[in-house]
Amino acid sequence: MKRNENLVPLSRDHHFGLLCCWKIRQGIKKEVSYERIKNYINYYWENNLHNHFKTEDDVLPELSNEGLQNQIEKEHREISRLIGSINQSDNQQLLSDFADALYKHIRFEERSVFPYLEEHLSDEQMDTIGVELSNHHHKEEDDYVDEFWK
């Protein structure tokens, strides 16, 4: 799918988010300890996902489509809530729930939110998003040391 160049930094973040989901699922499949996967999720939250959510909140305009806007906000809250639950428990299902929620959220933004923005915003508005995104740091590599998914 051809993405407007101004949204590419967010789509690139999404690529790494999908990779995060894959790593978690691989760890679960290999029966890696809860603690090791939890540590990775916390690393990913602190170094990538939290900043990504904040960037989206700061840079993307509030959508005139209330359904899309409400879903974005609801999913951000749900993913944040799952992080807290993962840190207060050792329930293996929460790891899978987090990977599923993040995966679904990324797919929702790529398949619904970004096409909506591309269709409803002017070129000038898209350019403004691109300029603002260029001012936000996007960590593109995952330098997490414990490669539990291998």
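Reader: Leaving aside neighbours within four places in sequence, which residues is H76 in contact with?

Author: With those neighbours left out, H76 is in contact with F53, E56, D57, H105 and E109. Contact means that heavy atoms lie within 4.5 Å. The model is predicted: local features need pLDDT of at least 70 and side-chain atom pairs pLDDT 80 or more, while totals for chains, interfaces and linings use all residues. Residues are numbered from 1 along each chain as its sequence is written, and side-chain values use heavy atoms, with hydrogens and water left out.

Reader: Where is H76, and why does it count as buried?

Author: H76 is in helix α3, residues 66–87; helices are DSSP runs of H or I with at least four residues, strands are E runs of at least two, and both are numbered from the N terminus. Its relative accessibility is 7%. Buried means under 20% relative accessible area, exposed over 50%, and partly exposed in between, with a 1.4 Å probe and protein chains only. H76, at 7%, therefore counts as buried.

Reader: What does the UniProt record say about residues 33–117?

Author: An unreviewed UniProt entry annotates them as "domain: Hemerythrin-like". UniProt positions are given in the numbering used here, feature names are shortened, and annotations may be inferred rather than shown by experiment. In the model, this stretch is 87% helix and 0% strand, with its end C-alpha atoms 41 Å apart.

Reader: Why is the pair Y40 and Y144 called edge-to-face?

Author: Rings of Phe, Tyr and Trp (its six-membered ring) pair if their centres lie within 6.5 Å; planes under 30 degrees apart count as stacked, over 60 as edge-to-face and the rest as tilted. The ring centres of Y40 and Y144 are 5.1 Å apart and their planes stand at 70°, so the pair is edge-to-face. Y40 is in helix α2 (residues 34–59) and Y144 in the segment after α5 (123–134), 104 residues apart. Both Y40 and Y144 are buried. They belong to one aromatic cluster that also holds Y43, Y44, F148 and W149.

Reader: How do you know how many disulfides there are?

Author: A disulfide is a pair of cysteine sulfur atoms within 2.5 Å, and the count by this rule is zero. The cysteine sulfur closest to that of C20 belongs to C21, 5.5 Å away, which is too far for a bond. C20 is buried at a relative accessible area of 0%, and C21 is buried at 1%.

Reader: What makes R3 and E110 a salt bridge?

Author: A salt bridge is a side-chain nitrogen of Lys or Arg within 4 Å of a carboxyl oxygen of Asp or Glu. R3 and E110 meet at 2.9 Å, N to O, so the pair passes the 4 Å limit. R3 lies in the segment before α1 (8–29) and E110 in helix α4 (residues 92–120), 107 residues apart.

Reader: Why are R81 and E78 called partly exposed?

Author: R81 has a relative accessible area of 44% and E78 has 32%. Both values fall between 20% and 50%, so the label is partly exposed. The side chains of R81 and E78 also meet in a salt bridge at 2.7 Å, N to O.
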